[in-house]
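Student: I would like to go through the terms used for this model and see what stands behind each one.

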Amino acid sequence: MKKIIKSSLEEQAADYLRELILSGHYQMGQKLVESALARELELSRSTIRMALNTLAHEGIVVQTPYVGWQVIDLNEHDLWEIFHLRVALEPRSAWLAAERLNDEGRQRLQHMMALFLEKAATPGVDSQELSRMELQLHSLIVELSENQRLYGIYQNVANQMLIYFNIDLVTYEPAEIADSHQPLVDAICAGDAELAARLAEENITTFSEIGEKFKAHCEQSRRRAAAGR
């Protein structure tokens with residue numbers, strides 16, 4: 001692993017560890033040892049502790065008494081909460097974005113959609129890359145709602161959303177993932193608020209589907225862990 005350049009150490013350490021978690025290098029529930037990370041990154045334990053505290057505020061690591069730090073271990077109830085949070089936030093955001101969109105916002109949204117389609121058409125693209133693009137697209141739609149409190153809530157759980165997308169999208173074809181968002185973007189750009197809200201809700205996978213994918217994901221992780229022993 002590469003070492004951290006010693007400037008803005010806490011922020012760089014947090015960025016580095018966040019990337020390892022969101023890319024799947026560290027598995028859900030995996031223990032993170034301050035002393036080991038400090039040696040690996042050639043940083044002080046206090047710097048690592050501050051970086052982990054940053055990630056704890058983002059909801060992707062937790063500190064448990066007598067156990068220490070570990071990557072968040074999502075369960076079905078966590079997914080249920082994230083699912084219903086999406087249902088609560090994304091359709092209303094799409095409705096507001098369609099109502100309030102100006103020319104600059106329309107250009108930004110169409111550009112993001114074009115990048116999403118381009119990424120999906122790239123040979124060998126993986127589901128994690130598409131997850132990031134989907135999160136960026138949905139985050140932009142929420143931003144374009146011009147409701148800063150709603151946007152702040154969405155950003156606070158963005159990395160948990162990304163873990164959710166990583167589980168949700170793994171069984172889909174890349175083109176299918178991107179293409180499914182085009183009608184939503186078109187509705188927002190056309191100013192059709194009711195259609196945009198309906199399409200945003202339809203775009204969210206049913207909880208029964210994400211639950212089954214989560215079980216498959218957990219089983220795959222157990223097999224991978226057993227093979228690595």
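**Terms and their cut-offs**

Tutor: At 47% relative accessibility, Glu 42 counts as partly exposed. Before you ask, this is a predicted model, in which local features need pLDDT of at least 70, side-chain atom pairs count only at pLDDT 80 or more, and totals for chains, interfaces and linings use all residues. Residues are numbered from 1 along each chain as its sequence is written, and side-chain values use heavy atoms, with hydrogens and water left out.

Student: Why is Glu 42 called partly exposed?

Tutor: Buried means under 20% relative accessible area, exposed over 50%, and partly exposed in between (1.4 Å probe, protein chains only). Glu 42 has 47%, so it is partly exposed.

Student: What makes Tyr 66 exposed?

Tutor: Its relative accessible area is 90%, so Tyr 66 is on the exposed side of the cut-off. Tyr 66 is found in the loop between β2 (61-64) and β3 (68-71); strands are DSSP runs of E, at least two residues, and helices are runs of H or I, at least four, numbered from the N terminus.

Student: Why are β1 and β2 called edge strands?

Tutor: Two strands pair if DSSP finds at least two bridges between them. The open sheet has the order β1-β3-β2, with antiparallel pairing; β1 (31-32) and β2 each pair on one side only, so they are the edges.
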